[in-house]
Amino acid sequence: MPLDTSTYNLALLRVDGRRWNELRQQKAQMGVQPSADGSAYLEQGNTKIQCIVSGPNERDTKSTSSASTAPTSGGQGATVAVSITIAPFATVDRKRRGRNDKRLQEMQTTIASGLAAAVQGQSYGPRSTIHIALNVLSQDGSLLAALVNAASLALVDAGVPMTDYLVACTAGSTSSYAAADEAADPLLDLNTQEEQELPFLTLATLGATDRVVAMVCESRVQLARLEGMMATAADGCKGVRDFLDGVVRDKGELMVQEGAVGRGEVVGSMDLD
Amino acid sequence: MPREAEPSQNEKDFILKAVREGQRLDGRALDQFRQLDLKFGDQYGVADVTLGKTRILAKVTAEVTVPYTDRPFDGIFTIATELSPMASPAFEVNRPTETEVLLSRLLEKTVRRSNALDTESLCLVAGQKCWSIRVDLHVLSHDGNLIDASCLAVVAALRHFRKPDTSMEGATLTVYTPAEREPVPLSWLHSPFCITFSFFGAVQVGEDGAEKDIWLLDTTLLEEQLRVSSCTISMNKHGEICQVAKPGGAPVEAMTVVQCSTLALQKVKDFSDFVDQKLAEDSKHRNKGGLLAELSADNAR
């Protein structure tokens, strides 16, 4: 069913009632899997991701055969290996996906080399691997962005040193590629319905800066729209970073309350105050 | 798994220092492409692209098949990439490397998803018969910038290709041989081209500590091994972006990406004119003397 974008111009409200620069409701939790080295659960609207980090371990080629890998610190540090599994029940029509789906492999590569830019891998040897397993439990747009955010959070939980959070967000444009419509609005954080109808891009930045780590645009769009979409997505990334940072700080606060660590005590290199 | 030989530390330092000073090993400007050449084969739909020492061959074939059940009104269009060990010792047969997966995904997104080829025009009988167009891409020699060269080869081969003419009379479908009827070109909507920017970190410019990202166009294999990240922008000459991919790697200022996309448009226009010109030359060459020569009763004896 095509998305009806005609009403947008009247009330400036999107199909789910958001304004152009609003993110969807986000929920996140760290340490959902006590047996793992690091784990996180992230919801962005109806997109739900679970992420398990194991490692750094000694490199094991068997477990990383289907994963995409990227070396950190110019080959001198640990390797980041990412594998994505999309649950058959993640979409409305239940279907099983093959392991060597090229689209998935591309996403794995993008996430792996994106995270490799943020991870300070030189503290581990070049023969160690940080394995990140991402499970997509429910899929409703901005998949790549949600995967990146979940992986970032799980890496923080695992205590892997990073320069900053790697955060990602999508942005679209209300006008299709054909229309030379100057009044087109950029939209932030698209859901599936909007993604199917509108041109959009996914932007991953390092923390709240304007430094682009990864960028993926798969739809036809006028060159003039690119800057607006990128600016909107970068703004969204700042919002996501604030949110993730809040989650991490809440978790730290909880750890202090529960007596796991003392206030002001330095755990590893992380200052909990 | 065999790996590409890594450049030595001396080579690395030398090239990186030269790039920071705005120099390249082969004396090109930072935004200059190597010598580009495009040759068409005797058959329709064969394009041979040479970009410096990189050489790519694309061949288009067509056959009549049954369309996919979920898309009864569309023809089938596939791009098959093959990186054989002939091009580089790092490639293995029957085991797609990451380079190959990314290359085929990029071509898929640039040419197929952007609807450069109108697949609906390939339908012959809805739900029963359609054309299946297949592009086979062979990398004959790998000296960097596979993506830009491959995309050019695919687009040129598809635009050069002619499929047999067909007609429907009642329920009978006739496919004519080239002797019976002149083959017809594919219904081509726009020509997208890929431009890959390779980043090499940032240098300081001016006194205030402002940094500027350094990027190169059309990198050789050696330069490609040393880059910290890359960004491929696909566009057509009308300024429509078909695809942008910066698959991770070191971060780059957002403004640099925007500037790159403007420059990409200029390069895409050059590519577009180049392919148009080569296609025109080829059709002139094939059609010696034009219609008059064909109608003339004189023969060579």
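Okay, let's start in the middle of the thing. The largest nonpolar core has 80 residues, and the ones touching the most other members are A:L201, A:M215, A:M230, B:V111, B:L158 and B:F197. Helix 5 of chain B, residues 254-286, gives the most to this core, at 12 residues. And there's another core apart from it, with 56 residues, including A:V80, A:A145, A:A154 and A:C169. Before I go on, keep in mind that this is a predicted model.

Who is it in contact with, once you leave aside neighbours within four places in sequence? You get B:W215, B:L216 and B:L217, then B:S229, B:S230, B:C231 and B:I233, and finally B:C260, B:L263 and B:A264.

B:V111, also on that core list, sits in helix 2 of chain B, which runs over residues 98-113. Buried residues in that helix include B:V101, B:L103, B:L106, B:L107 and B:V111, but also B:E100, B:R105 and B:K109. Just after the helix, B:N115 takes a positive phi of about 60°.

Now, the annotation on chain B. UniProt, in an unreviewed entry, lists "domain: Exoribonuclease phosphorolytic" for residues 32-164 and 192-266. In the model, residues 32-164 come out as 23% helix and 36% strand, with the end C-alpha atoms 40 Å apart. For residues 192-266 it's 25% helix and 49% strand, and there the end C-alpha atoms are 13 Å apart.

On chain A, 30 residues are in contact with 36 residues of chain B. Together the chains bury about 2,900 Å², and 54% of that is on carbon and sulfur atoms.

Between chain A and chain B we count seven salt bridges. One side-chain pairing to look at is A:R220 with B:E240, a salt bridge at 2.9 Å, N to O. Across the interface there are also 20 residue pairs in polar contact.

So what does chain A bring to its side? Strand 4 (68-71), helix 2 (102-118), strand 10 (211-217), strand 11 (221-222) and helix 5 (223-257) of chain A each supply at least two residues. Helix 2 of chain A has the largest share, nine residues.

That's my tour, happy to take questions.

Key: Residues are numbered from 1 along each chain as its sequence is written. Chains are lettered from A and ligands numbered from 1 in the order in which they are written. This is a predicted model: local features need pLDDT of at least 70, side-chain atom pairs count only at pLDDT 80 or more; totals for chains, interfaces and linings use all residues. Side-chain values use heavy atoms; hydrogens and water are left out. Buried means under 20% relative accessible area, exposed over 50%, partly exposed in between (1.4 Å probe, protein chains only). Helices (H or I, at least four residues) and strands (E, at least two) are DSSP runs, numbered from the N terminus. A nonpolar core is a set of buried Ala, Val, Leu, Ile, Met, Phe, Trp, Tyr and Cys residues joined through side-chain atoms within 4.5 Å. Contact means heavy atoms within 4.5 Å. UniProt positions are given in the numbering used here, feature names are shortened, and annotations may be inferred rather than shown by experiment. Buried area is the accessible area (1.4 Å probe) that two parts lose on being put together, summed over both. A salt bridge is a side-chain nitrogen of Lys or Arg within 4 Å of a carboxyl oxygen of Asp or Glu. A polar contact is a pair of N or O atoms within 3.5 Å; within protein, one must be able to donate a hydrogen and the other to accept it, and residues adjacent in sequence count only if both atoms are side-chain atoms.
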